[in-house]
Structure formats: structure tokens, C-alpha cells
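The entries are in the order I looked things up.

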Amino acid sequence: MHARRKAELDNIHKVFETVDSGEIRQFTALDGVSLAFLPGEIHVLLGENGAGKSTLVHILSGLHSPSHGAIRLGGETLTFDSTADALDRGIAMVHQRPLLAHEATVLENVLLGAPGFFLGKANAKRRLASLASDWGIALASDVRAGMLSPADRFRVALLSALWRDPDFLILDEPSGVLSPDERAHLFAALEKARGRGLGIILITHRLEEALHRADRISVLRRGRLVWSSAVRNGLVDTAPQKNEDSQSTGVPLTEAFLAALLDPEQNPDDRCVISSRTLHETLETQKPAIELVSVSFSKDEREPLRSISFQAMRGCVTTIAGYPGSGLATLEDILSGM
């Protein structure tokens, strides 16, 4: 086993530019973020949509280049021109919706981009079976990726990342495609890998995962790091912290504490409370904000929809729930115009 190294992001800025009617517009996604990621830790990144979490790990994994700032690995300052550069340096990322070669088998997808010119198929299958066993993954190596469920496609991408024996594994919202039992199995495997020295960087919106799984939590808001602390025995430091060697001061870590960090301006007393009678009367008289009537969708490699109908009313939170692979991702893309 090779020696694991610390990864550091130092004063990272990222500005995206677009051209609108001949005018250049800029959007600052990251504004001076400095963070350290340690071997043998589960480091959870929290923040609302648009806070900069994905942009930050895309820079660490070579998908984006920073507008300003430095990436260091084991104290060495590096420049990544691609994700392949980051992989060569031991940083692998598994995306929420991984791109696989659907006509290729599980084994072929894992081997895509792997170094080396000659690799016997029998040896590769044995190594893949051993790797899958270590991570509690049951997948037939000769099944085509296009036949797999979203959860199994995630597992293929995970095995592909692990094949390179990285120093750091970045997971972007892995719980989104996994059932509760599957999430429990994943985190059990992550904790074993952490014990072997793997650094794990986890983006999640599930506060319970941060509460019960993290060794360190960092919170981003509007492109800035607003808080970071190690978690030791359920205690954290309340002060903004960028020093990975800091000691916790004994403040209990709770879901309410994390929620306040994510949105410090929220005030429960300011929430609009509508009685059930008032709500019923309102719904009887108003038109829906949006309505779907018998919406269906069928296209290769996407989850199908069959005759979906519902209304979403103004002044209400309309919740749509479903298991991974049920079509929620397709419905999201239809509602958002994609």
C-alpha cells in the first residue's frame, strides 16, 4: 500500500463567463475557498444548491481549472488539465449520474482509461471480483451497462474509480440513487476503506449522513467557506475553521445546528402557518401553479414515465417520492425543461 498524501485547495476562486447579447457576464462560483482533505477521513461538504460544492470538487478532480488559487497534493503544487491528470495523481470522482458506455460490459467500462497496454481478461475479471467483494458489490462482469439500474450504474462507476487505487474518492450525492439498505451497505464499505487510509469526500444534502458518518464537515454558502470542523465524539467547533489540526471545543453536533449553518437567516417564527381549513378553502378556489395531465416519456437509456398526472398548488409544498429508478430524474428534467 502506497503512502497517502494530504490534498489542499488554497484560496480557490472560480469565475464563469457567458456572453449574452454581445455582453460578457460573469458569475463567481467560488470566492477564496481554502480547504484541506486528509487521508483516512470522511469529509462531508454541505451547502444549498449553487453554494459551490460541485464546482469545488470539479476543480480538485480536474474537470475545471481554478480562475485563481492553488491545488496541492502532499505539499506539491499541481495543475490539472483534465480528469485524467487528477486520476494519475490519485484523485477519482464518481458523479451523481455517471456516464458509461452502455453497449460495453461492466468489466469493459471499469477498464476504460485504465493504464497499461496488455491485461489478460481472466486476470482482470479476478481482480474486479475481488474489488467488488471488498466493497460488498454483487455485479456480473459481463452484463452490458445499458441493462443496469441507476444504482448498479453508480456501482460500476465506483468500481471504475477504485480500480485505480486512488488516494481520494469523491462522491457526488451517491444516496440519490440508493435505497436506505443500499446506503447502509455503501457507508459500511466507506468506513472500512477509510480505515485503510482512503480519503473520502462526500457531497450530500442529507444532514443525517453528516451527523452520523462524517469525520469532518465543511459548509459552503454562495461560493464561500463559512464553517469547517472535525467531528470528534459528536462534538464540533462553532468557529469558522480552516486548520485541519484544530481541536473541537465541545459543542454538540445536531441537525438543527447544521441547518442553522446552511441558512442562518431562517427563523421558525417567521414561517407562514396556514390552518387546514384555510388551506382547503384556498385550494378550492385557486388554479394550480402547474399541472401535468397523462404525461408519458420513453427514450433509450432514460427511466420511462407512464401517464403521470398531478397538480401543484400555490402556497403548498408538493412532494413527489419514489425509489431509485422510478422515473423521478426523468420527471425532474421534464419539469425543468431539459
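**Entry 1: the whole chain**

I noted before anything else that this is a predicted model. I counted the secondary structure and got 10 helices and 14 strands. I then looked up burial, and 41% of the 338 residues of the protein count as buried. Among contacts between residues at least 6 apart in sequence, 63% join residues at least 24 apart.

**Entry 2: the sheet of 4 strands**

In what order do the 4 strands of this open sheet run? I read the order as S2-S1-S4-S5, and the pairing is antiparallel. Strand S2 (23–37) and strand S5 (76–78) stand at the edges with a single partner strand each, so one side of each has no neighbour in the sheet. The twist from one strand to the next averages 35°.

I followed S1 against S4 next. Strand S1 (residues 7–20) and strand S4 (residues 68–73) run antiparallel and are joined by 5 bridges. I picked out two positions along this pair: Ala7 stands opposite Leu73 in S4, and Asp10 stands opposite Ala70 in S4.

On to S4 and S5, which pair in the antiparallel sense over 3 bridges. Arg72 has Thr77 in S5 as its bridge partner. These two strands form a hairpin with 2 residues between them, and I noted a positive phi of about 60° for Gly74 in the turn.

**Entry 3: the sheet of 6 strands**

I found an open sheet of 6 strands in the order S6-S7-S8-S3-S9-S10, with mixed pairing. S6 and S10 are at the edges and have a single partner strand each, so one side of each is left without a neighbour in the sheet. Here the twist averages 15° from one strand to the next.

For the pairing inside this sheet I looked at S9 from both sides. Strand S3 (residues 42–46) runs parallel to S9 and is joined to S9 by 4 bridges; Leu45 stands opposite Ser218 in S9. Strand S9 (residues 216–221) also pairs with S10, in the antiparallel sense, over 6 bridges. Arg221 stands opposite Arg224 in S10. The hairpin of S9 and S10 has 2 residues between the strands, and Arg222 takes a positive phi near 55° there.

Is S10 enclosed or left open by the rest of the structure? I have 5 of the 7 residues of strand S10 (residues 224–230) as buried, so this strand is largely enclosed.

Helix H1 (residues 53–60) lies across S3, S6, S7, strand S8 (199–203) and S9, and runs at about 150° to S8.

**Entry 4: the nonpolar cores**

Which residues touch the most other members of the largest nonpolar core? This core has 51 residues, and the ones I wrote down are Trp135, Leu158, Leu169, Leu190, Ile217 and Leu258. Helix H5 (residues 150–162) gives the largest share of this core, 8 residues.

I listed the contacts of Trp135, leaving aside neighbours within four places in sequence: Leu158, Leu162, Leu169, Ala189, Leu190, Ala193, Arg196 and Leu198. A second, separate core has 26 residues, including Ala7, Leu35, Phe37 and Leu78.

**Entry 5: helix H5**

H5 has 13 residues and reaches 18 Å from its first C-alpha to its last, close to the 18 Å expected at 1.5 Å a residue. Of these 13 residues, 12 are buried, so the rest of the structure largely encloses H5. The buried residues include Pro150, Asp152, Arg153 and Arg155, as well as Phe154, Val156 and Leu158. I checked what covers them: the cover includes strand S6 (91–94), helix H3 (106–111), helix H4 (121–134), strand S7 (168–172) and helix H6 (180–195).

**Entry 6: Ala188**

Last I looked up Ala188, which is found in helix H6. Ala188 is partly exposed, with a relative accessible area of 36%.

Technical notes: Residues are numbered from 1 along each chain as its sequence is written. This is a predicted model: local features need pLDDT of at least 70, side-chain atom pairs count only at pLDDT 80 or more; totals for chains, interfaces and linings use all residues. Side-chain values use heavy atoms; hydrogens and water are left out. Two strands pair if DSSP finds at least two bridges between them. Axes are lines fitted to C-alpha atoms, for helices over the stretch in contact, and angles run from 0 to 180 degrees between N-to-C directions. A nonpolar core is a set of buried Ala, Val, Leu, Ile, Met, Phe, Trp, Tyr and Cys residues joined through side-chain atoms within 4.5 Å. Buried means under 20% relative accessible area, exposed over 50%, partly exposed in between (1.4 Å probe, protein chains only). Contact means heavy atoms within 4.5 Å. The expected span of a helix is 1.5 Å times one less than its number of residues.
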